[in-house]
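Thanks for coming, everyone. I have one structure to walk you through today. Please have a look at it before I start.

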Amino acid sequence: MAYFLITLATIMISFVGTLVKTASPMVPASALTLSRFFFGMLFLLAICLFTRHRPKLYFKNKWIWIAVIGKCMNYFCENAALHNGSSYGNIIVFPIQAASFCFFAAIFFKEKIGPRKILAALLCITGILTVSMNGASLSDFFTNSFSTMLLFVFAAIGAAGFVLSQKMLIDTVDAKDMNISVFLVCSLISLVPVFLERNEFHAFRMNSFLALVGLGGITGIAFLLIARSLKSMSLVVSGMIQSSSTLFTLLWAILFWHESITRWIILGTVIFLCGLTLINITPKKGPFVN
């Protein structure tokens, strides 16, 4: 059952780029972010109603606010990059997030970064640059792709900070309550740029609206499936299965958007997947291991 849940969550996450591209003709990037938080919160409240769990809001814990900063940083940057870029662009978020975990573990938990982690991080960085450059010259890369890559870098760092907050709160705050609290604050913050970009909305499209709801569903449900699977599965196995999301994302880019997946993108993906595998199989004793 655990393998089914983690696989289902992985497939759901792989559709983020496709859903963002589907919703983009109707709304600006800021509305994508608001939808992910707002509909995600609604899905979580529906789960609470179904399970008869009375949600509690937590606003006095510093890790809640760190989670808010991390998740806002994650979604604002990722949605902005995907809105105007390729549907598969966010595949580089996974290796950057993994490298960020190593950095956070060293800073906050004094975990030693050994040669294997350094090699894994270098493989991730090499793969990221290979995918981002996509065979272009340095001048073309800095002119056309560098800013998009930076957005994904900031998105991944924010995502890593959010996961770190979850790890710090897991024993004291219910996962549903934690995320409802975070998503509520993030929804309110997201209203500001939506108001500023109110003239960027276009004619209503049913498929775009459904994509916005779907993004919220992924936000609200996928993390619960992952948390449920981790009760009977190691984080190492979970991490390796979740890494396969990059392959699904590339598949959807080809099937739904007919985007060109060059040999450079394939090579870069293989390189950073090797780095992700090396990070996951490296023996650890830090906070990211069950």
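Let's start with disulfides: the count here is zero, where a disulfide is a pair of cysteine sulfur atoms within 2.5 Å. Now, the ground rules. This is a predicted model, where local features need pLDDT of at least 70, side-chain atom pairs count only at pLDDT 80 or more, and totals for chains, interfaces and linings use all residues. Residues are numbered from 1 along each chain as its sequence is written, and side-chain values use heavy atoms, with hydrogens and water left out.

Back to the cysteines. Cys 186 is buried, at 0% relative accessibility. Buried means under 20% relative accessible area, exposed over 50%, and partly exposed in between, with a 1.4 Å probe and protein chains only. Cys 124 is buried too, at 1%.

Next, salt bridges. How many are there? Two. The rule asks for a side-chain nitrogen of Lys or Arg within 4 Å of a carboxyl oxygen of Asp or Glu. One pairs Glu 78 with Arg 36, at 3.1 Å from N to O. This pair links distant parts of the chain, 42 residues apart: Glu 78 sits in helix α4 (residues 62-84), Arg 36 in helix α3 (residues 29-51). Helices are DSSP runs (H or I, at least four residues), numbered from the N terminus. Both Glu 78 and Arg 36 are buried.

Lys 176 pairs with Asp 174, with 3.8 Å between the closest N and O atoms. Lys 176 is buried at 16%, while Asp 174 is partly exposed at 30%.

Now the inside. A nonpolar core is a set of buried Ala, Val, Leu, Ile, Met, Phe, Trp, Tyr and Cys residues joined through side-chain atoms within 4.5 Å. The largest has 49 residues, and Leu 32, Ile 92 and Leu 212 have the most contacts inside it. Which helix gives the most to this core? Helix α9 (residues 206-229), with seven residues. Another core, of 26 residues, lies apart from it, and Cys 72 and Phe 223 are among its members.

At 45% relative accessibility, Ile 125 is partly exposed.

Technical notes
Helices (H or I, at least four residues) and strands (E, at least two) are DSSP runs, numbered from the N terminus.
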